[in-house]
Protein chains: 2
Amino acid sequence: MTIEEAKNVLAGCRGQIDEIDRQLVRLINDRVRVVERIGAVKKEVAMPVYEPKREEEVYRNIETSNEGPLPNDAARRIFERIIDEMRTLQRTRMGAK
Amino acid sequence: MTIEEAKNVLAGCRGQIDEIDRQLVRLINDRVRVVERIGAVKKEVAMPVYEPKREEEVYRNIETSNEGPLPNDAARRIFERIIDEMRTLQRTRMGAK
């Protein structure tokens, strides 16, 4: 492969990454909206916000659906970050505990 | 809203979260595959693996496409984790620098 050919392949790959990232951003925002709905419902009926059992269910779903090449521990760390950011956001936006 | 009604709404929301998470996992794995292709091409033509300018482009794409409610700084932290995990994985799988 020449440098020129490589540059073309890389440009195509980068277009794919950008498209994937836009979809990820959209989905993460969809997730925020559902989490906010959950927070609002829980607040209305005074249910506890944090449910460790449900959290484990979330990670189990992720690990079960993960077909790789991303290892499960890496997937888990990414979702820990996603969930943590959502928790922070919910705290700021809704004054929830 | 009664507790019973709340539980039904929550069950629906959780189904949505699980579906979103499965899509996220799939997309993140798609991203890994493209990143690996990039790594392989760069290795073949001996191009540098790390390109800070491209990395900034990635974050710009994320922030430009982010319509919220997730704030840009939270989106950035999530993608820092995603990118960091991919870098680690690439290092392990390809012996790349």
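Modeller: Start at the axis: Leu24(A) has the C-alpha of chain A that comes closest to the rotation axis, at 3.2 Å. Note that this is a predicted model: local features need pLDDT of at least 70, side-chain atom pairs count only at pLDDT 80 or more, and totals for chains, interfaces and linings use all residues. Residues are numbered from 1 along each chain as its sequence is written, while chains are lettered from A and ligands numbered from 1 in the order in which they are written.

Biologist: What makes the relation of chain A to chain B that of a two-fold axis?

Modeller: The superposition does. Copies are fitted by least squares on the C-alpha atoms of residues with pLDDT of at least 70 in both. A rotation of 180° with 0.0 Å of shift along its axis puts chain A on chain B, with an RMSD of 0.0 Å. That is how a two-fold axis relates two copies.

Biologist: How do you know that the copies meet through the same surface?

Modeller: Contact has a cut-off: the C-beta atoms of two residues, placed from the backbone, lie within 7 Å. Of the interface residues of chain A, 100% are also interface residues in chain B, so the same surface is used by the copies. Chain A puts 46 residues into the contact, and chain B puts in 46 residues. On the side of chain A that touches chain B, α1, α2 (52-65) and α3 (72-94) of chain A each give two or more residues. The most come from α1(A), with 26 residues.

Biologist: What classes of residue make up that side of chain A?

Modeller: It has 27 nonpolar, seven polar and 12 charged residues. Here Ala, Val, Leu, Ile, Met, Phe, Trp, Tyr, Cys and Pro count as nonpolar; Asp, Glu, Lys and Arg count as charged; the others, Gly among them, count as polar.

Biologist: How many helices and strands does chain A have?

Modeller: Chain A has three helices and zero strands. Along the sequence the pattern is α-α-α.

Biologist: How does the radius of gyration of chain A stand against that of a compact globule?

Modeller: Chain A has 18 Å, whereas a compact globule of 97 residues would have a value near 13 Å. The radius is taken over C-alpha atoms, and the globule rule is 2.2 Å times the number of residues to the power 0.38. Along the principal axes, the C-alpha atoms of chain A fill a box of roughly 65 × 25 × 15 Å.

Biologist: Why is the pair α1(A) and α1(B) called roughly antiparallel?

Modeller: The two helices pack at an angle of about 165°, with their axes 9 Å apart. Angles under 35 degrees count as roughly parallel, over 145 as roughly antiparallel, 65 to 115 as roughly perpendicular and the rest as oblique. That makes α1(A) roughly antiparallel to α1(B). The axes are lines fitted to C-alpha atoms, for helices over the stretch in contact, and angles run from 0 to 180 degrees between N-to-C directions. The contact of α1(A) with α1(B) divides into 22 nonpolar, four polar and eight charged residues.

Biologist: Why are α1(A) and α2(B) called oblique?

Modeller: Helix α1 (residues 3-44) of chain A packs against helix α2 (residues 52-65) of chain B at about 40°, with the axes 9 Å apart. The pair is therefore oblique. From α1(A) come Ile17(A), Asp18(A), Asp21(A), Arg22(A) and Val25(A); from α2(B) come Val58(B), Asn61(B), Ile62(B) and Ser65(B). By class, this contact has four nonpolar, two polar and three charged residues.

Biologist: What is the angle between α2(A) and α1(B)?

Modeller: Their axes cross at roughly 40° and come within 9 Å. Therefore α2(A) and α1(B) are oblique to each other.

Biologist: What makes Ala46(A) worth a look?

Modeller: Its phi is near 55°, a positive value in a residue other than glycine. Most residues other than glycine have a negative phi. Ala46(A) lies in the loop between α1 and α2 of chain A.

How values were computed:
Helix = DSSP H or I, 4+ residues; strand = E, 2+ residues; numbered from the N terminus.
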